[in-house]
Amino acid sequence: MRKLSLLLAILLIPAFALSAYTDSFAEASSKPEYIALIDAVKNGEDESAVGSLYQQYMSLDLLMTEKARIEYHMARYFKDKGNDEEAKRHVELGKEYLAQIGEDEGELFRRVAEADIVSADYYVNGGMGKGMESSDLMKSLYKDYPDEYYIALQEAFRLLYTPPIAGGSARKALSILNEVEKELDGLSKLDLFSFYSAKGMALSQRDEYDESDRYLDNAEEIYKGDPAIEDIRRDNRRGRRNNRNS
C-alpha cells in the first residue's frame, strides 16, 4: 500500500508542475490585430504606424477590459516617445473604459485592467500616492492570483521597482522569476519579453552583471524598442566600473 501511495505521488508531481501557471488572458492577446499593435509599440515604431494599428485594433468587437488594458501600452509608448499630451490622453481613455466594465467580464479581468490603468497613470503623471496605489493593487492581485503568468511577472517588477525600505526585494523577485522560468513554454510573446527583462533587472540588482546582460539579450531578440533595457545595461556598465575601481 505504501509503495502504491508513493507511486501515485510521483506520478502526480509532473502533472501538478505542468498546471502550476495559467494564462487567462491568452485568448484576448492572440488576436492578430493585438499582436501587430504590441509588436509596433514594443519595437518603438513611429507614431503614425502605431496609430493606424491602434485604430484597427479598436475597431474590433472588444470587451471593455481589453480596451482599458491596451491604453496602458499606448500611454507608456507615447510617454517613452516624449509625447506627454498623447500619453495623458490615453490614460484618460483607459479610465473611461475602466468605468464601463461590467460585472460579466469577471473580477480577475476587471482588477487587472484597474491595476494596469493606475500603473499607466503613475508612469505618465507620477505622484507618490498613485505609485503606492499601483503597488497595493498588484500586491493584492498576486495574493489572490499567484498562478497567473501576467500577475506573477508584474509582482516581480513591483518588487524590483519598490525601494527596499518599502518592501522591495530583488531576492524575492528572483524567487518568483525562477519558478516562472520552469514553465516558459506557456508564456505569450509579450510575457516572455517581460520575463527576460525582469530577470535581467533582478540579476543586475544582485550585481550579477554578465548573467543580467544574457537575459537582456534574450529580451531584445523579441522586442528592441523598450528604453528600460538600455537603462538596465547602463546600470550593469556602471556596476562593472565600480567593481574595477574598488
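This tour of a predicted model visits a helix and then several salt bridges.

**Stop 1: helix 10**

Select residues 189-205. This is helix 10, with 17 residues. From its first C-alpha to its last it reaches 25 Å, close to the 24 Å expected at 1.5 Å a residue. Is helix 10 largely enclosed or largely open? Turn on a surface for the rest of the structure. Helix 10 is largely enclosed by it, because 14 of its 17 residues are buried.

Now step just past the end of helix 10 and select D207. Its phi is positive, at about 65°.

**Stop 2**

Next come the charged pairs. Side chains of opposite charge can pair when their charged atoms come close. How many salt bridges does the structure hold? The count is 25.

Select D144 and R111. They form a salt bridge, and their closest N and O atoms are 2.9 Å apart. Colour the two helices to see what is being linked. D144 belongs to helix 7 (residues 128-144), while R111 belongs to helix 6 (residues 107-125). The pair links distant parts of the chain, 33 residues apart.

Check the surroundings of each partner. D144 is partly exposed, at 42% relative accessibility. R111 has a relative accessible area of 12%, so it falls under the 20% cut-off and is buried.

**Stop 3**

Move to residues 209-220, which make up helix 11. Select E211 and R214 there. Their salt bridge brings the closest N and O atoms to 2.7 Å apart. The two residues are 3 apart, about one turn of the helix. E211 is partly exposed, with a relative accessible area of 31%. R214 also counts as partly exposed, at 41%.

**Stop 2: from helix 11 to helix 12**

D213 lies in helix 11 and R240 in helix 12 (residues 227-245), so the pair ties together parts that are 27 residues apart in sequence. D213 counts as buried, at 16% relative accessibility. R240 counts as partly exposed, at 22%.

Notes: Residues are numbered from 1 along each chain as its sequence is written. This is a predicted model: local features need pLDDT of at least 70, side-chain atom pairs count only at pLDDT 80 or more; totals for chains, interfaces and linings use all residues. Side-chain values use heavy atoms; hydrogens and water are left out. Helices (H or I, at least four residues) and strands (E, at least two) are DSSP runs, numbered from the N terminus. The expected span of a helix is 1.5 Å times one less than its number of residues. Buried means under 20% relative accessible area, exposed over 50%, partly exposed in between (1.4 Å probe, protein chains only). A salt bridge is a side-chain nitrogen of Lys or Arg within 4 Å of a carboxyl oxygen of Asp or Glu.
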